[in-house]
Structures are given as C-alpha cells and as structure tokens.
Amino acid sequence: MKLHFFLLCFLVACGFVVAPYLIFFSAPVLPELGLIQKIFFFHVPSAWAMFLSAFVCAFGSAAFLFKRRRWGDELATAAAELTVVFGVLVLTTGPLWARKAWGHYWEWDVRLTTVFILFLIFIAVLLARRYGGPASRRIAAGLALFGAADVPLVYLSVKLWRTIHPKTTVVTSMHPDMRPAFFVSLTLFTLLYLVLLWIRLNLERSRGRLDALAVTLAERSTLCTLRPPAPPDYR
Amino acid sequence: MNRFVPMLSMIVTLFCSGLAAADPDYQPYAPAPAAEQVSAPLFVVVAYSLIWLVLLGFVVSVWLRQRSIGLELEQLRRQLDQGGQ
C-alpha cells in the first residue's frame with residue numbers, strides 16, 4: 001500500500017515538472033487569447049478536482065447516512081476539506097484571468113455564482129462537522145449531498161443560460177498543440193487529488209484511532225472507580 | 001422513498017434558483033479599455049504562486065495535525081500501558 005502511495009507521489013512530482021514545461025514552452029500563445037490564457041491550464045483542472053471531490057464527498061456521505069459506514073464519514077470529511085482547497089484555487093485563478101479578459105475580477109454571472117455557492121456549501125459542511133454538536137456527522141453528510149447536487153448545475157450553467165464565462169466546448173475546440181499540456185495538467189491534478197485525499201484520509205483514520213483509544217481509557221478508568229470495595233478484613 | 005423526497009426537492013430548488021438568476025436582458029461585459037489593461041505575465045505568476053502556496057499550506061496543515069494526533073496517541077498508549085490511570 002505504501003509502495004502505491006510513493007509511486008503516486010513520484011508521478012505527481014514528475015507531473016509538476018512536465019506540466020509547466022508543456023504549458024509554458026510547448027503550448028502556443030494564441031494572439032487572440034494572450035499569455036493570460038496560461039492560467040486556464042491550472043484553472044480548469046482545479047475545477048475538475050473540485051467537482052470530483054464534491055462527488056467523492058457525496059459518495060462517502062451517502063455510505064455513512066444510509067449504510068452507517070464509518071469509512072464513509074472519514075472519506076466525506078477528507079473530501080469536503082479538499083473540495084474547499086480546490087475551490088480556493090478555482091476562485092483565485094479564475095478572477096485573475098477574468099481581470100485581464102473581462103476587465104473585472106468578479107461578475108455575478110451564473111457560472112461564477114453557482115461555483116461560489118458550491119464553495120460555500122462545502123465550507124458549511126466543514127463548519128457543521130466541527131461545531132454541529134452530537135448530530136454533526138449526519139448534518140454534514142446531508143449538506144454534502146446537497147452540495148454535490150450543485151455540481152451538474154455548475155457544469156450545465158454555461159449551456160442553459162447566457163453567461164460571459166467560456167463554454168465547455170473550449171476544451172473540445174482547443175488548438176491541437178495545446179491539448180498535450182491541458183491533458184497532462186488534468187491528469188496531474190487528478191493524481192494530486194488522490195495523493196492529498198490519501199494523506200487527509202490517513203489523518204482522519206488516526207483521529208478515529210485516537211478517539212477509540214480515549215474511549216477505552218475512559219472505560220477503564222470508570223471500571224476502576226466502579227470496582228466493588230474490597231471485602232472487610234475481620235481477622 | 002422518504003429519504004429521496006428531500007434530495008429531489010433540494011435539486012429542484014437549486015435548479016429553480018439558477019433559473020431565477022438568469023436575467024433575459026443580461027448583456028455580457030465588453031473587454032476593459034486598453035488603459036485599464038493589466039500585466040498578463042504578473043497575473044500568471046501570481047496565479048501559479050497562489051496554487052503552490054495553497055497546496056503547500058494544506059500539506060503543512062495536515063502534517064501538523066497528524067503530528068499532534070501522533071503525540072496524543074503516544075501519550076494515551078503510555079497511559080493504557082500504565083494501567084489506565
């Protein structure tokens with residue numbers, strides 16, 4: 001298992017060397033798009049990782065809510081945090097591109113707004129998990145399912161409504177010389193997501209072990225205090 | 001069946017809120033005038049630096065949390081070995 005993890009880390013490390021090389025030295029700078037278009041090569045994969053994470057979180061939440069699986073809760077917690085992390089990447093790189101392309105950092109456009117809502121829902125999942133009290137796990141799981149329902153809406157928003165955000169066809173209609181850089185970057189972010197999920201899941205498992213050990217210790221202490229008193233010595 | 005009804009209603013609510021948000025008179029923005037143009041190389045560098053910083057921050061935060069849990073685990077194990085007192 002450890003070998004798989006190190007292999008994955010090695011692939012990600014290679015990807016972080018190859019992807020920037022392809023993006024900056026191999027993919028052409030189209031005159032109508034300019035240099036700012038280089039942000040696209042990390043912005044879209046970040047969004048893909050965010051959506052993937054939202055679905056993984058929903059899967060774990062469903063397993064926990066409907067089947068009472070403990071691993072489901074661990075997976076959902078790890079994935080919810082990663083959804084927020086990749087959401088930060090999407091919501092910072094996007095406005096930087098938009099400032100150059102549209103002249104504004106932010107527009108209350110349907111695509112941007114739905115992504116922002118998705119980001120807020122997963123922040124709510126983390127807050128519910130942290131401060132929700134005894135039912136926090138179930139509340140967070142329900143919220144995560146609600147958040148995942150927003151993902152198809154985000155994807156379809158540019159098709160269903162008039163928006164200034166580039167359409168999803170931007171990938172299929174991409175210049176052929178840009179494709180290797182884009183797909184290497186997409187693969188890199190998928191592998192990076194798996195590595196981060198792995199380490200975050202390990203943290204959640206350690207936390208579970210800590211809780212179990214604390215309960216065992218508390219039970220032992222209680223048993224010690226509840227031990228019946230020794231019979232009196234009448235000698 | 002009962003558990004799917006709230007989910008379905010949530011999806012419908014999200015979809016309807018999206019529909020309501022779509023203004024039929026919406027006009028896409030024109031690109032900013034040349035005077036307002038910003039340096040593309042600077043923005044690309046900022047974007048890539050942010051990506052690195054956020055990812056590094058996350059990895060460091062997980063590592064710190066893992067270390068703190070490891071220390072607590074060690075302490076609890078020691079207490080258990082000493083007889084749970």
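A residue is called buried here if 20 or more other C-beta atoms lie within 10 Å of its own, exposed if 12 or fewer, and partly exposed in between, with C-beta atoms placed from the backbone. Everything below comes from a predicted model, in which local features need pLDDT of at least 70 and side-chain atom pairs count only at pLDDT 80 or more, while totals for chains, interfaces and linings use all residues. Residues are numbered from 1 along each chain as its sequence is written, and chains are lettered from A and ligands numbered from 1 in the order in which they are written.

**View 1. Helix α3(A) and its surroundings.** Helices (H or I, at least four residues) and strands (E, at least two) are DSSP runs, numbered from the N terminus. Of the 32 residues of α3(A), 23 are buried, so this helix is largely enclosed by the rest of the structure. From first C-alpha to last, α3(A) reaches 46 Å, close to the 46 Å expected at 1.5 Å a residue; the expected span is 1.5 Å times one less than the number of residues. Just after α3(A) comes Gly103(A), with a positive phi of about 90°.

**View 2. The loop that holds Arg68(A).** Look between α2 (40–67) and α3 of chain A to find Arg68(A) in its loop. Most residues other than glycine have a negative phi. Arg68(A), although not a glycine, has a positive phi of about 60°. Arg68(A) is exposed, with 9 other C-beta atoms within 10 Å.

**View 3. α4(A) against α5(A).** These two helices pack at an angle of about 170°, with their axes 8 Å apart. Axes are lines fitted to C-alpha atoms, for helices over the stretch in contact, and angles run from 0 to 180 degrees between N-to-C directions. α4(A) and α5(A) are therefore roughly antiparallel to each other, a label for angles over 145 degrees. Among the residues making the contact are Leu118(A), Phe122(A) and Val125(A) of α4(A), and Ile139(A), Leu143(A) and Ala144(A) of α5(A). Two residues are in contact if their C-beta atoms, placed from the backbone, lie within 7 Å. The residues of this contact divide into eleven nonpolar, two polar and two charged. Here Ala, Val, Leu, Ile, Met, Phe, Trp, Tyr, Cys and Pro count as nonpolar, Asp, Glu, Lys and Arg as charged, and the others, Gly among them, as polar.

View 4. A nonpolar core is a set of buried Ala, Val, Leu, Ile, Met, Phe, Trp, Tyr and Cys residues joined through C-beta atoms within 7 Å. The largest one has 65 residues, and Ala54(A), Cys57(A) and Ala144(A) have the most contacts inside it. α2(A) gives the most to this core, with 15 residues. Leaving aside neighbours within four places in sequence, Ala54(A) is in contact with residues including Thr83(A), Leu118(A) and Val151(A).

**View 5. Leu191(A) on α8(A).** Leu191(A) lies in helix α8 of chain A and counts as partly exposed, with 19 C-beta neighbours inside 10 Å. Its C-alpha atom is separated by 10 Å from that of Phe10(A), 181 residues apart along the chain. Beyond its neighbours within four places in sequence, Leu191(A) is in contact with Leu8(A), Leu11(A), Val12(A) and Gly15(A).

**View 6. Where chain A meets chain B.** Here 46 residues of chain A are in contact with 39 residues of chain B. α8(A) gives the most to the side of chain A that touches chain B, with 15 residues. That side divides into 25 nonpolar, eleven polar and ten charged residues.

Key. Angles under 35 degrees count as roughly parallel, over 145 as roughly antiparallel, 65 to 115 as roughly perpendicular and the rest as oblique.
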